[in-house]
Amino acid sequence: MGADAQKKSIIIAIKQKIRLLNIIAAFIVVTLLAVIFRYLYKPAGEVLSFLPDISITLVISFVVFLAIVSFYMWSVVVRQIISSIEKYRNRIDQILTITKDLREEKYADILLNKIMEYSLSITRSDSGSILLLENDNLEYKVVKGDRSTELVGKIIPQGQGIAGWVAQKGSPLRIADVREDERFNEDIDAIAGNQKKSTLCVPLMTQAGVIGVMELLNGKGNFYSQRDEEIITYLADQAAISLARARFYEDQKNYEIYVTDILLDAIDYHIPDKKGHSKRVAIYSNIMAKAINMSDENRKRLYFACLLHDVGFLKIQNKDFINREYIERHPVIGAEMISRINFYADIAPFILYHHERYDGSGYPQKLVGEAIPLEARIIAIADAFDVMLSTISYKAPIDFDAAVVDLKMNAGTQFDFRLVEEFVNNITPEQIP
């Protein structure tokens with residue numbers, strides 16, 4: 001018999017005590033009314049004359065005693081209610097904090113470890129594991145316990161063993177002693193260790209269905225309560241949503257990198273003379289970004305903007321490269337191409353304005369000074385610097401020192417003078433790819 005069968009719920013116990021208090025209160029009221037009518041109201045006294053002639057002092061003393069007992073019981077019940085409310089409030093606060101933490105985590109491997117640690121802490125379990133569905137089988141992804149190193153990566157068939165049953169049925173399972181359960185499979189469940197006794201296994205579910213299971217072993221007192229199951233099931237639901245979101249984020253990042261590589265290869269193939277130009281611009285831009293303490297998130301956006309700043313050339317034919325009108329259209333074309341892709345949309349302005357000049361004589365919109373986005377001003381310097389050092393331009397390439405001098409000469413007119421200063425103070429010949 002489990003602990004829940006042996007112990008009454010705190011709410012049921014409180015209801016029972018309140019019911020007893022109501023009975024005592026009703027008895028006190030009825031007794032007092034009987035005394036009043038028996039001794040103070042003559043017509044009623046004649047009617048109630050069949051009642052034994054008990055000392056009024058004794059009756060009052062008994063009523064006072066019952067009242068004192070009632071007040072004591074009320075104070076006990078109130079304390080229990082307050083204590084229960086505090087416990088539930090603390091648990092709710094804990095769950096909300098955990099949920100917030102899980103939802104903010106973007107990386108699946110870190111997320112899985114957080115889910116495991118939180119679950120072990122809440123239930124005070126000895127060990128636990130998270131298994132995810134991979135090709136219709138369950139694979140151990142996270143294991144906490146004595147055999148963690150040898151279990152990670154192991155595969156068990158869906159539908160077999162306790163974890164397999166939960167994954168197949170999509171229902172939580174709480175067992176006091178697994179060896180007395182018919183779903184226990186010696187070949188499958190034995191890999192979790194011979195000391196396994198009680199278990200709480202819950203599915204990780206999204207709208208698409210079960211994506212895995214979480215199994216906790218040997219909880220506090222070697223049993224898991226209904227309350228444990230409810231809390232861990234809720235946590236598992238939140239964890240599954242967060243895990244699906246983390247997977248989507250990682251897929252999106254992979255897709256972003258893959259698409260970027262495709263576009264870079266296409267630019268290099270379309271304009272062989274520019275091969276490697278975008279990556280070098282990214283390197284030089286990062287030097288300035290570090291020098292001005294740009295945040296990691298903004299540096300990442302700048303990096304992709306550098307790689308794709310010339311993507312507009314893909315829609316310009318090679319024969320038109322000598323035509324300045326076509327050349328000056330590539331920032332607009334590139335920004336239009338990029339803005340249609342969600343994960344590139346926020347870098348479109350940097351691509352659009354990377355040929356604006358600080359004095360307002362650039363293109364396409366002749367923006368002046370600080371009106372030009374910071375990232376576009378950085379790209380303008382890095383772009384010009386690489387062009388001066390390479391054979392991209394129709395001009396002959398110049399050496400490192402001459403390029404630095406040229407940047408200084410055009411600071412305040414073509415380029416942001418503060419960014420030029422940061423760049424020339426931090427760039428060295430050894431940093432040239």
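## Two packed helices

In this predicted model, helix α10, which covers residues 277–291, packs against helix α11, residues 296–307, at an angle of about 155°, and their axes lie 8 Å apart. Because angles over 145 degrees count as roughly antiparallel, α10 and α11 are therefore described as roughly antiparallel to each other. The crossing in which α10 passes α11 is right-handed.

On the side of α10, the contact is made by S278, K279, V281, A282, S285, N286, A289 and K290, while α11 contributes R299, L302, Y303, C306 and L307. Sorted by class, the contact of α10 with α11 consists of seven nonpolar, three polar and three charged residues.

Strand β1 spans residues 127–134, and six of its eight residues are buried, so the strand is largely enclosed by the rest of the structure.

## The pairing partners of β1

Strand β1 is joined by six bridges to strand β6, residues 209–217, and these two strands run antiparallel. Within β6, the residue that stands opposite S127 is L217.

With strand β2, residues 137–144, β1 also pairs in the antiparallel sense, here over seven bridges, and Y140 in β2 is the bridge partner of L131. The strands β1 and β2 form a hairpin that leaves two residues between them, and in its turn N135 has a positive phi of about 55°.

Technical notes:
Residues numbered from 1 in each chain as written. Predicted model: local features only at pLDDT ≥ 70, side-chain atom pairs only at ≥ 80, totals over all residues. Heavy atoms only, no water. Axes fitted to C-alpha atoms, helices over the stretch in contact; angles between N-to-C directions. Helix = DSSP H or I, 4+ residues; strand = E, 2+ residues; numbered from the N terminus. Parallel < 35°, antiparallel > 145°, perpendicular 65-115°, else oblique. Left-handed = near helix turned anticlockwise from the far one by under 90°. Contact = heavy atoms within 4.5 Å. Nonpolar A, V, L, I, M, F, W, Y, C, P; charged D, E, K, R; others polar. Buried < 20%, exposed > 50% of the residue type's maximum accessible area, 1.4 Å probe, protein only. Pairing = 2+ DSSP bridges.
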